[in-house]
Amino acid sequence: MSDPKGFQKYQRAVLSARSVAERLQDYKEIYQPTAPDMIKNQSARCMDCGVPFCHSGCPLGNLIPDFNDAVYREDWQEAFQILSETNNFPEFTGRICPAPCEASCVLGINNQPVTIENIEKQIIEHAFAQGWVMANNYRVESGKHIAVIGSGPAGLAAAAQLHKAGHRVTVYERNEKAGGLLRYGIPDFKLEKWVVDRRIKVMEESGITFVCNADVGHNMDIKEIEAKHDAIVLCGGSTIPRDLNIEGREAVGVHFAMDFLEKSNKYIDAGMETLPDIFVQGKNVIVIGGGDTGADCVGTSNRQGAASVTQIELLSKPGTSRTDKDPWPLWPMTLRTSSSHEEGCQREWSIQTKRFIKNETGQLTGLEIVEIAWAFDTEKERYDFTEVAGSQRIIPCEIVFIAAGFLHPQKEGIIDQLGIELDNRGNVATQNYQTNLPHVFAAGDMRRGQSLVVWAISEGREAARAIDKYLMGVSKLEGKVVSDLVM
Ligand SMILES: Cc1cc2nc3c(=O)[nH]c(=O)nc-3n(C[C@H](O)[C@H](O)[C@H](O)COP(=O)(O)OP(=O)(O)OC[C@H]3O[C@@H](n4cnc5c(N)ncnc54)[C@H](O)[C@@H]3O)c2cc1C
């Protein structure tokens, strides 16, 4: 244990962010570098609990007290090795994970939890700076070839693990560059793209092949891929957005959030020379949906110079502390204010959208909304809402982003052509990551439904283990991966 009294001596200290005025001028990461002694003190707050709930809070089962102890002893190499045993990409989770580990930290019962996410980020950044994150070329080749379709965090994690196990891996990606939502969904102010490039370079140097602009099922034949590989893992994400089929949906200026975010990310990646065709400078923007995607639209709109940004949400405003429905160590359903909200945004809850209003040229001019009241319906045995009489109003706007979540993966293409069975939510149905075709596996949002980066990494790792077992009869990826397998 690092320091038995650390949690009494030190208060939780989080990364300081650049000022709002400064960060709105660029798309760079908002947080400033941390002083090393701050990290040591923060790791000292870990109590090395008898039952470390943070392990099970983390979908990867990260060995948090162990790496905290190594950081406290300033043995960064050991900390890196411990972290790498369970997490292929701490540089992503250390920046953008909502940190369920912190929500289940025992210190959080009556104090502020340990800053696990930031400690993780510092460990991996230190490891990269020291040159410890190296290509993994030392392995015995199995002679098996695996195709990974989709290069988001699930596909990348599956590829890294399968490569470790000795298989030859090719990742097919339909976009111009690899990374999935890490690159084209999540904005740079949360995750700069050099972080993604840096990891992909290590993977390529290890011998993993990336084939981009390969839209499998469209410009690349899935049957050809099937014939060339011993197994396939589908990691295509959950890409079909939930629409709002209300009057005026066709108005010019109503977009899906991902259309906006992808164009913005590509604009930044291309050096910001040619403005994308969705650009909100001087416009009044409404974001429908209160989740991560909606918050990313808020931050991006403010950086593009929107005249105003309003975010509306159907659900009621959450409280600021846990209730008896979400006690520790469960994920707290409390109000979340992201850095994007701090940058300027009108937030409204318990709002239902009624119709999009357009002018004679078809351009959006406003959104008609109504306030709603939520109550438990004893007959239906669930919460339901009623409209608040007289609360109907129009919010003037020229742009609306629909950020109402994602329904399921795209069926047309690979799923149809291979005859892959789906579950009752429309996601790929699997048993231990294996689909109805024994040589085809699935992981990430495509299997689980829209989720988190940390879950996608976890799913990619688990699917890799299932494939390894399917091909070899037994998997050396089983259990906690030992550090000599670190990539
Ligand atoms: C805007 C936004 C912000 C988010 N922010 C966060 C956050 O801050 N923290 C967090 O933890 N989670 C966040 N998430 C969720 C997280 O990004 C996803 O859960 C995660 O990326 C899912 O990983 P995946 O690998 O399953 O799929 P994806 O990341 O969606 O990757 C799927 C990849 O498959 C490719 N593909 C699909 N079909 C084909 C095909 N036929 N041929 C070839 N390639 C194909 C796609 O182009 C894509 O690159 C966010 C999601 C969105 C949309």
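Trainee: Where is N432 placed in this predicted model?

Mentor: N432 sits in the loop between α17 (414–418) and β16 (440–442).

Trainee: Why is N432 called exposed?

Mentor: Let's count together. N432 has 11 C-beta neighbours inside 10 Å. A residue is exposed if that count is 12 or fewer, so N432 counts as exposed.

Trainee: And what is the phi of N432?

Mentor: Phi of N432 is positive, about 45°, although this residue is not a glycine.

Trainee: Which other residue has a positive phi without being glycine, and where is that residue found?

Mentor: Take S350, with phi near 55°. S350 belongs to the loop between β9 (346–348) and β10 (351–358).

Trainee: Why does S350 count as partly exposed?

Mentor: Try the numbers again. Exposed needs 12 or fewer neighbours, and buried needs 20 or more. S350 has 18 C-beta neighbours inside 10 Å, so S350 counts as partly exposed.

Trainee: What makes the bond between W328 and P329 cis or trans?

Mentor: Look at omega, which is about 5° there; the peptide bond joining W328 and P329 is cis. P329 lies in the loop between β8 (308–312) and α16 (339–342).

Trainee: Now the inside of the protein. Which residues touch the most other members of the largest nonpolar core?

Mentor: A158 and V233 do, in a core of 89 residues. Helix α19 (residues 453–472) gives the most to this core, with ten residues.

Trainee: How do you know where this core lies relative to domain 1 (6–130) and domain 2 (145–239 + 407–485)?

Mentor: Both domains give residues to the core, so the core lies between them.

Trainee: What makes V233 a contact of A158?

Mentor: The test is C-beta atoms within 7 Å. Leaving aside neighbours within four places in sequence, the contacts of A158 include V233, C235 and G460.

Trainee: How many residues surround the ligand, and which are the closest?

Mentor: There are 40, and the closest are G150, G152, G180, G237 and G444. Among the elements giving two or more residues to this shell are α10 (153–164) and α14 (257–269).

Trainee: Which classes make up the shell?

Mentor: The shell has 19 nonpolar, 14 polar and seven charged residues.

Methods. Residues are numbered from 1 along each chain as its sequence is written. This is a predicted model: local features need pLDDT of at least 70, side-chain atom pairs count only at pLDDT 80 or more; totals for chains, interfaces and linings use all residues. A nonpolar core is a set of buried Ala, Val, Leu, Ile, Met, Phe, Trp, Tyr and Cys residues joined through C-beta atoms within 7 Å. Helices (H or I, at least four residues) and strands (E, at least two) are DSSP runs, numbered from the N terminus. Domain bounds come from an automatic or database domain assignment. Two residues are in contact if their C-beta atoms, placed from the backbone, lie within 7 Å. A residue is near a molecule or strand if its C-beta atom, placed from the backbone, lies within 6 Å of it. Ala, Val, Leu, Ile, Met, Phe, Trp, Tyr, Cys and Pro count as nonpolar, Asp, Glu, Lys and Arg as charged, and the others, Gly among them, as polar.
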